[in-house]
Amino acid sequence: MRAIDIIMKKRGTTIRDKNGEKTLAGSTKLTGEEIRFLIDSYVSGALPDYQMSAFLMAVYFNGMDFEETGALTDAMLHSGDVINLHGDGAIEGLDGEVFVDKHSTGGVGDKISLPLAPIVASCGVKDPMMSGRALGHTGGTLDKLESIEGKDSGRFNVFLSEEEFKAGIRKDGFAMMGQTPKIVPADKKMYALRDVTATVESVPLITASILSKKVAEGADALVFDVKYGTGAFMKTKKDAEELAVSLVNTAKAMEKKASALITNMNTPLGRTVGNFLEIEETVECLRGNGPADVMELTYQLGAEMILLAGKAKTRDEAIEMEKDAVSSGRALERFLANVRTQGGDADKLMAQIGTRRSPFRAEVRAKEDGFLSLDAFKTGLAGVYLGVGRNKATDDVCFDAGIVMHKKTGAEVRKGELILEVYGKDAECLAPAVALLESEAISYSPEKPEEDELVFKIIQ
Ligand code: URA
């Protein structure tokens, strides 16, 4: 087998149509063996970056069907360690469970994983949760968790061994960790290459990248939160739906249960954008005081997880179970139990609620009367300026930086009213962040802006 033949097969050729116009044609479906050969050779170092780049570009232009996407996902999955939660790898007493996780394509103020895991765990779901870090304008669950301080100078530990991960799931019903370097090494190499070869925005490549990592963590069932809008990877509902269908169908082809929600990310979720700020908001959600949008999305995604795990028969029953987990205090107790299990100091955390803020503070007040719109992408970008997120993977984040939203899209404001409180990593970052928020993130209109519903569609 030669890489060049496989690349040529996927590339096809250009032909002239009857009007003499050139079009792409003749791309041929690849076999699983050919796809495996390319991925294995790339991970071993036998296939150079320039040939993988050409292959990625051929996939970008010609796509892949579900069978090819499944074969690509499978080849990437087996490039490294795969956690087995059944049979030989079973957690004592849990072999019969359906392990379910949620994956979000990323957003601004998207802290849903944090209240979701303890809520569904309180309803009997076992969740092996592997999360990512902030990159670009979107936040990362691992950075938020690491903002939780431990005893002395320690903090919440996201670097778990497989044994610790399994012990956490057994004890608390869920555990939260980062991807280890041994999980899907093919994706690490391929994603870095896609980033610099303009081949990120491809549905089969995104599907294989996301799904290989999620299957490697041991989940039997997956719920995807595929976002659309200015703060999302997919800008339109149509593109988000294409990705959602691809994720669900490819997961099913790999014998995983799956469903997806297509959700609105035109404006930030909840009341805060930040690291510790979003932990605070999580505690408020679990105390029953969460913002309506965060609670709605958490309950909707949680209901899908509960149904896939077989812990309820109907969506209404699942949502009632979740509400009871919150109102009884069981979900907050689970969250705090997990904080203790993973090295955080739950008492210190609760004592810090409402008090832990960077000393570098500014305010954004309404420049005019009107109805407010707050753009997710620009708000997320202001968060990066403030130190919530990263410009590149090696940057540090500031745990106590962020944005508190006193008013959200659709609110009627009077000139001079407080819209946002802004906390920065230092004094210098405040002015550019405030300027971006005032001039680009916030707009005013005389009429209440029409807002899309939070959940556009559920794909099952
Ligand atoms: N997130 C991923 O993990 N991979 C992609 O390709 C895009 C988003």
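## A pocket between two domains

The second largest pocket lies between domain 2 (87–351) and domain 3 (360–445), because both give residues to its lining; the domain bounds come from an automatic or database assignment. This is a predicted model, where local features need pLDDT of at least 70, side-chain atom pairs count only at pLDDT 80 or more, and totals for chains, interfaces and linings use all residues. Residues are numbered from 1 along each chain as its sequence is written, and side-chain values use heavy atoms, leaving out hydrogens and water.

Among the 23 lining residues, Asn 264, Thr 267, Asp 293, Thr 409 and Glu 451 lie nearest the centre of this pocket (lining residues have an atom within 4 Å of a pocket point). Two or more lining residues come from each of α12 (292–308) and β10 (370–374), and α12 gives the most, with 3. The lining has 8 nonpolar, 6 polar and 9 charged residues.

## Around the ligand

## Polar contacts

Here are some N or O pairs (a polar contact is within 3.5 Å). Oxygen atoms of the ligand lie 2.9 Å from a side-chain N or O atom of Arg 194 and 2.6 Å from one of Lys 213. A ligand nitrogen is 2.6 Å from a side-chain N or O atom of Ser 209.

Definitions and conventions: Polar contact = N/O pair within 3.5 Å; in protein donor to acceptor, adjacent residues only side chain to side chain. 1 Å grid on protein atoms, 1.4 Å probe; cavity = no way out; pocket = protein on both sides within 12 Å on 5 of 7 lines; lining within 4 Å. Helix = DSSP H or I, 4+ residues; strand = E, 2+ residues; numbered from the N terminus. Nonpolar A, V, L, I, M, F, W, Y, C, P; charged D, E, K, R; others polar.
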